[in-house]
Amino acid sequence: MMVPVRCFTCGNVVGEHWEEFDERANEGDEDPEKVLDELGVDRYCCRRMLVSHTDLVDIVSPYQ
């Protein structure tokens with residue numbers, strides 16, 4: 001789960017791409033730039049949000 005769901009700068013929804021981007025780019029061997037191109041994330045601000053995001057939900061709330 002990505003928090004925040006929207007880009008801070010332009011307001012586009014970026015949370016819908018987070019899981020696939022995380023699986024393919026951060027945990028896989030694919031280049032993040034190519035993954036974002038394939039997902040259709042074109043704006044620099046949205047790309048920055050996805051690349052620099054760190055998922056803290058599991059760390060902050062370990063009890064489910």
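Where does Cys 7 lie relative to H1? It sits in the segment before that helix. Keep in mind that this is a predicted model.

Let's stay with Cys 7. The residue is buried, at 4% relative accessible area. Skip the residues up to four places away in sequence, and Cys 7 touches Asn 12, Val 14, Cys 45, Cys 46 and Met 49.

Two of those contacts are cysteines, so how many disulfides does a search of the whole structure find? The number is 0. The cut-off here is 2.5 Å between the sulfur atoms. For Cys 7, the closest cysteine sulfur belongs to Cys 45, at 3.7 Å, so that is too far for a bond. Cys 45 is in no disulfide either. Its nearest cysteine sulfur is that of Cys 10, 3.6 Å away. Cys 45 is buried as well, with a relative accessible area of 7%.

Now the record. An unreviewed UniProt entry lists Cys 7, Cys 10, Cys 45 and Cys 46 under "binding site". These positions are spread over 40 residues of sequence, yet they cluster in space. The largest C-alpha distance among them is 7.8 Å.

Next, Cys 46. Its place is in helix H3. Buried or exposed? Cys 46 is buried, at 4% relative accessible area. Leave aside neighbours within four places in sequence. Cys 46 is then in contact with Cys 7, Cys 10, Asn 12, Val 14 and Val 41. Asn 12 and Val 14 are on the contact list of Cys 7 too.

Over to the helices. An α-helix has 3.6 residues a turn, so residues three or four places apart point the same way.

Val 35 is buried, with a relative accessible area of 0%. Beyond four places in sequence, Val 35 touches Phe 21, Arg 24, Ala 25 and Glu 30.

Key. Residues numbered from 1 in each chain as written. Predicted model: local features only at pLDDT ≥ 70, side-chain atom pairs only at ≥ 80, totals over all residues. Heavy atoms only, no water. Buried < 20%, exposed > 50% of the residue type's maximum accessible area, 1.4 Å probe, protein only. Contact = heavy atoms within 4.5 Å. UniProt positions renumbered as here; feature names shortened; annotations may be inferred. Helix = DSSP H or I, 4+ residues; strand = E, 2+ residues; numbered from the N terminus.
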